[in-house]
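This briefing is intended for a reader with the sequence and coordinates at hand. Please consult the structure shown below alongside the points that follow.

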Amino acid sequence: MGEQENNKTGVGNNAMAVVDEAPVAAAAKEKGRGAADPRLQGISDAIRVVPHFPKPGIMFNDITPLLLRPAVFKDAVDMFVERYRGMGIAAVAGIEARGFIFGPAIALAIGAKFIPLRKPKKLPGDVFSESYVLEYGTDCLEMHVGAIEPGERAVVVDDLVATGGTLSAAIRLLERAEADVVECACLIGLPKFKDFYKLNGKPVYILVESRK
């Protein structure tokens with residue numbers, strides 16, 4: 001997870017995110033624009049908002065309470081699995097660190113491999129590296145060379161999308177290995193990601209909106 005610190009009310013930094021306005025269905029609209037999936041309310045209710053953490057101005061969306069409720073945690077994983085099963089996804093790439101919570105469970109359920117996208121100097125051996133801009137400074141994601149084959153279909157997983165910079169870096173990282181990035185999947189997203197946005201031309205699928 002690389003975006004909580006950018007999740008300020010009314011503040012965002014999209015310096016590294018190529019954002020296109022295009023219809024992107026969110027979970028609540030996957031039922032033919034009818035009633036939202038009843039699991040979504042339980043997922044939303046299980047996310048705690050902690051003001052001014054880890055620093056003033058940040059509205060931190062804490063998923064720990066969700067993880068402490070096995071039935072709700074399972075509902076969240078199941079909703080992603082239902083979306084990606086049967087889509088020929090060969091790899092689920094999880095962004096450090098909270099993408100490691102949901103990504104492996106999704107990968108196992110759909111029969112895909114899990115690829116950890118890690119912060120610098122955490123992976124031994126040869127890696128691809130991709131830098132991205134934060135509100136105050138830069139960061140970097142790395143992936144093992146050979147983790148994914150050219151043309152393999154991949155989904156990128158993280159817990160939250162705020163500005164899109166981290167997800168955009170993950171997309172670029174996978175595309176450097178000639179992977180086919182199908183979509184980005186996040187548990188939580190700012191309202192702008194609910195319906196009409198893509199990042200670097202790739203759809204963003206979120207389950208619930210971030211809460212204030």
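The model is predicted. The protein contains 5 helices and 11 strands, and buried residues account for 50% of its 212 residues.

**Overall make-up**

- The accessible surface of the protein amounts to about 9300 Å², and carbon and sulfur atoms contribute 54% of that area.
- Of the contacts between residues at least 6 apart in sequence, 67% join residues at least 24 apart.

**Helix H3**

- Helix H3 runs over residues 70-84, a total of 15 residues.
- At 1.5 Å a residue, H3 should span 21 Å, and the distance of 21 Å between its end C-alpha atoms agrees with this.
- The buried residues of H3 are Val72, Ala76, Val77, Met79, Phe80, Val81 and Tyr84.
- Because an α-helix has 3.6 residues a turn, residues three or four places apart point the same way.
- After H3 comes Gly86, which has a positive phi near 85°.

**Nonpolar cores**

- The largest nonpolar core comprises 32 residues, and Ile43, Phe102, Leu187 and Leu207 have the most contacts inside it.
- At least two residues of this core come from each of H1, H3, H4, E8, E9 and E11.
- H3 provides the largest share of this core, with 7 residues.
- Another core lies apart from the largest one and has 27 residues, including Phe128, Ile148, Cys186 and Leu199.

**Salt bridges**

- The whole structure holds 13 salt bridges, among them the pairs described here.
- *Lys122 and Glu96:* These residues form a salt bridge in which the closest N and O atoms are 3.3 Å apart. The pair links distant parts of the chain, 26 residues apart: Lys122 belongs to the loop between strands E5 (113-117) and E6 (127-134), while Glu96 belongs to the loop between strand E4 (91-95) and H4. Lys122 is partly exposed at a relative accessible area of 43%, whereas Glu96, at 10%, counts as buried.
- *Lys119 and Asp139:* The side chains of these residues meet in a salt bridge with an N to O distance of 3.6 Å. Lys119 lies in the loop between E5 and E6, and Asp139 lies in strand E7 (residues 137-144), so that distant parts of the chain, 20 residues apart, are linked. With a relative accessibility of 22%, Asp139 counts as partly exposed.
- *Glu175 and Lys202:* The closest N and O atoms of this salt bridge are 3.8 Å apart. Glu175 is in helix H5 (residues 165-176) and Lys202 is in strand E11, so the pair ties together parts that are 27 residues apart in sequence. Glu175 is partly exposed, with a relative accessible area of 35%, whereas Lys202 is buried, with a value of 17%.

Terms used. Residues are numbered from 1 along each chain as its sequence is written. This is a predicted model: local features need pLDDT of at least 70, side-chain atom pairs count only at pLDDT 80 or more; totals for chains, interfaces and linings use all residues. Side-chain values use heavy atoms; hydrogens and water are left out. Helices (H or I, at least four residues) and strands (E, at least two) are DSSP runs, numbered from the N terminus. The expected span of a helix is 1.5 Å times one less than its number of residues. Buried means under 20% relative accessible area, exposed over 50%, partly exposed in between (1.4 Å probe, protein chains only). A nonpolar core is a set of buried Ala, Val, Leu, Ile, Met, Phe, Trp, Tyr and Cys residues joined through side-chain atoms within 4.5 Å. A salt bridge is a side-chain nitrogen of Lys or Arg within 4 Å of a carboxyl oxygen of Asp or Glu. Contact means heavy atoms within 4.5 Å. Accessible areas come from the Shrake-Rupley method with a 1.4 Å probe; for residues, only the protein chains shown count as cover.
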